[in-house]
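Here's a quick tour for anyone opening this structure for the first time. Have a look at the sequence and the model, then read on.

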Amino acid sequence: MLLPLALTTALAATLSMSACAQKTDADTSAPTAMSDNTAAPQRADSMSADRMPADTMVDAVTAGDIVDTASQSPDHSTLVAAVKAADLVGTLQGAGPFTVFAPTNAAFDKLPEGTVETLLKPENNADLAGILTYHVVSGSVDAATLTDQIKDAGGKAELTTVNGATLTAEVANGGVKLTDAKGNSAMVTTADLMASNGVIHVIDAVLLP
């Protein structure tokens, strides 16, 4: 998809406040269970209240798997199309669990012009799959677990992705920042969107291995 105790406490409070705001705006969404059977609304929707847009995937959280959940979000149609083009649907519908850092359509739009179209071509299937699996971590790493990993690692935690490469997670600007192998970074804008086979954290940039 790491810090002093005071910062951890502040971040946890932010998560709790953001969750309440989301619950008010989306009172028709079906609550889902965390992997440890505690209720999701107690821990999140956003890593940082001032960075959380009205992400439509929040309203799409169901008991479905990761692909089903992402497919219900208009803000993630590019990601879903890429997953299908890379033949990763079956993988992300598997038992998992998985943690997916999901770039929005706007995140893909930040890439150089023509990049997405090129990656979606059949001959670039392997490259596309490599990028997408770089956004997936084995296991269900919710917001609380991620912040604990950051704290325990002294401020920066290395996450091993399904791609085999690593992402660096740290707390920055009141939220969680992920840095890729090329030095590019993405902020988690919405956290703890629970699916039947894992958890999704929405990010605002595409990460590259």
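Helices (H or I, at least four residues) and strands (E, at least two) are DSSP runs, numbered from the N terminus. Counted that way, the chain has eight helices and seven strands. Keep in mind that this is a predicted model, where local features need pLDDT of at least 70, side-chain atom pairs count only at pLDDT 80 or more, and totals for chains, interfaces and linings use all residues. Residues are numbered from 1 along each chain as its sequence is written, and side-chain values use heavy atoms, with hydrogens and water left out.

**The chain overall**

- Of its 209 residues, 49% count as buried, meaning under 20% relative accessible area, with exposed being over 50% and partly exposed in between (1.4 Å probe, protein chains only).
- The chain's accessible surface is about 9,200 Å², and carbon and sulfur atoms make up 54% of that; such areas come from the Shrake-Rupley method with a 1.4 Å probe, and for residues only the protein chains shown count as cover.

**Helices and what they pack against**

- Helix α3 runs over residues 77–85, and its buried residues are L79, V80, A82 and V83.
- Looking down the axis of α3, those buried residues fall within an arc of 160°, so they line one face of the helix; the arc is taken from the directions from the helix axis to the C-beta atoms.
- An α-helix has 3.6 residues a turn, so residues three or four places apart point the same way.
- The partners that the buried residues of α3 pack against are α2 (66–71), α4 (89–92), β1 (98–103), α5 (105–109) and α7 (125–133), going by contact, which means heavy atoms within 4.5 Å.
- After α3 comes D87, with a positive phi near 60°.
- In α7, the buried residues are L128, A129, G130, I131, L132 and T133, and they pack against α3, α6 (115–119) and β2 (136–138).
- Helix α8 (residues 143–152) has A143, L146, T147 and I150 buried.
- Seen down the axis of α8, these buried residues sit within an arc of 95°, so they line one face of the helix.

**Charges**

- How many salt bridges does a search of the whole structure find? It finds one, where a salt bridge is a side-chain nitrogen of Lys or Arg within 4 Å of a carboxyl oxygen of Asp or Glu.
- The side chains of K177 and E170 meet in a salt bridge, at 3.9 Å from N to O.
- K177 is partly exposed at 23% relative accessibility, while E170 is buried at 15%.

**Two loop residues to look up**

- D180 sits in the loop between β5 (175–179) and β6 (185–195).
- D180 is buried but has no salt bridge, and the nearest side chain of opposite charge, K182, is 7.4 Å away; Lys and Arg count as positive and Asp and Glu as negative, with His and the chain ends not counted.
- What the side chain of D180 does reach is backbone nitrogen: that of G183 at 2.9 Å and that of N184 at 2.8 Å.
- Not counting residues up to four places away in sequence, D180 touches Y134, L167, V206, L207 and L208.
- T161 is in the loop between β3 (156–160) and β4 (166–172), and is buried at 5% relative accessibility.
- T161 and H135 are 26 residues apart in sequence, yet 6.8 Å apart in space, C-alpha to C-alpha.
- Leaving aside neighbours within four places in sequence, T161 is in contact with T133, Y134, V136, V137 and L167.

Terms used
A polar contact is a pair of N or O atoms within 3.5 Å; within protein, one must be able to donate a hydrogen and the other to accept it, and residues adjacent in sequence count only if both atoms are side-chain atoms.
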